[in-house]
Amino acid sequence: MFGYRVPAPNEALLISGRKQRGTDALPFKIVTGHGVYVMPVFSKATRLTLAMQEAEVIEDCYTKQGLTLAVQAVIAFKVGDDHESIAAAARRFQGDQSQMSTLVGRIFSGHLRSIIGSMTVESIIREQQTLADAIVDASKTEMARIGLAVDSLQISSIDDKGVGYIRALAAPHQARVNQEANVAQAVADQASAMAQQESQRHQAEYARQTAIARAQYQAEIDQAQQTAAQAGPLAAARAQQDVLVERSVVAQKNAELRQAELIAEVVRPAEAEAERIRALARAQADATKMSAEAAAAQDRIALDQMVIQQLPEMLRAAAQGLQGANVTVLDGAEGLNSVVASLAAQGVAMLDTIRTGLRTTVPGTEAPGTDVSALNGSASPVRPSA
């Protein structure tokens, strides 16, 4: 838009004119961080940088000891952020803002000479930060009056301009440092040698272990190769042994089968035949016994028939023998009964005697222990009484 101005983030816009009045009766208006409309012809807008700037100071300073030191320092500064600092800086540097670095360098040169003049070389060298802080503190009032603020001050170098004082000051320390460095180097060399020896021992031990491991590996390889070489014959021998075992098992099975066949073909038929023969023998013996018993029974029957056939003749003979005999019977009927009973007993005895005699004459009819002389009879015939 025509007449509208916007300052950069590191700038301050200064607007001056008949109708532009700032605070505290400033002859211009300060605008930062936002835009503003500037009336053409009647108002004028200028810019003041608020960016960081740098000033370098190189100054020959005299110390408290009268020695000359060439001191080089770098100052980082900028315009203050408040409106008072911006107004103060604008009044002094708006026409030529490059004069800020020149003026700041001159201010710090004076303070640098003043403060170094109150210090010794040793304190300057050892306490450079203290020196820088003292210079900044001494320049704050003057810097604030011109609207500037110091961010930092660094002493970049200190030189005695070839006198050798600083080097002399550093000599004892340098010697001590060199000595310590030599001692440290010796210790380091010793440690290095020990480390090298330890490393060599470790390497030797590692080499020994490696050689042992290689030998073990080689032995295992050789053993594995021998085992592999022997595996074929061993496998063949085991296979042959297994074949022999199987053959023996088969032979045993065949023998058992043959034995069973022999038992079935020979022993069982022989036992059956023997049992049949024994059964036949028992049957024949039973038949023979039965035949003998039957024959004996038939003989007894025939004997009894013969005795029965001969009994009448024998009784007649006995009766004939009693004819004409005078028999006195005593006791009446009882005596007669006794006589008859005696005759009957003699008849029975005669029948037994005849039967026994016939048994001895007919084969197979005699009784065990039979005496043939018994045919003569032991019973006495009834004698007639006188």
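Visitor: What covers the buried residues of α4?
Guide: This is a predicted model. In it, the cover over the buried residues of α4 includes β7, α2, α3 (121–126) and β8.

Visitor: Which residues of α4 are buried?
Guide: They are L131, A132, I135, V136, S139 and M143.

Visitor: Why would residues three or four places apart point the same way?
Guide: An α-helix has 3.6 residues a turn, so positions three or four apart point the same way.

Visitor: Where is the kink in α4 centred?
Guide: The kink is centred on S139 and amounts to about 45°. S139 is also among the buried residues of that helix.

Visitor: How far apart are the end C-alpha atoms of α4?
Guide: They are 27 Å apart. At 1.5 Å a residue, the 18 residues should span 26 Å, so the two values agree.

Visitor: And what follows α4?
Guide: G147 follows, with a positive phi near 80°.

Visitor: Turning to the sheet, what is the order of its strands?
Guide: The order is β6-β7-β8, in an open sheet of three strands with antiparallel pairing. The edge strands, β6 (53–62) and β8 (148–159), each pair on one side only. From one strand to the next, the twist averages 20°.

Visitor: How many bridges join β7 to β8?
Guide: Ten bridges join β7 (residues 68–79) to β8. Within this pair, Q72 stands opposite S157 of β8.

Conventions
Residues numbered from 1 in each chain as written. Predicted model: local features only at pLDDT ≥ 70, side-chain atom pairs only at ≥ 80, totals over all residues. Heavy atoms only, no water. Pairing = 2+ DSSP bridges. Helix = DSSP H or I, 4+ residues; strand = E, 2+ residues; numbered from the N terminus. Axes fitted to C-alpha atoms, helices over the stretch in contact; angles between N-to-C directions. Expected span 1.5 Å × (residues − 1). Bend = angle between axes of the 7 residues up to and from the residue. Buried < 20%, exposed > 50% of the residue type's maximum accessible area, 1.4 Å probe, protein only. Contact = heavy atoms within 4.5 Å.
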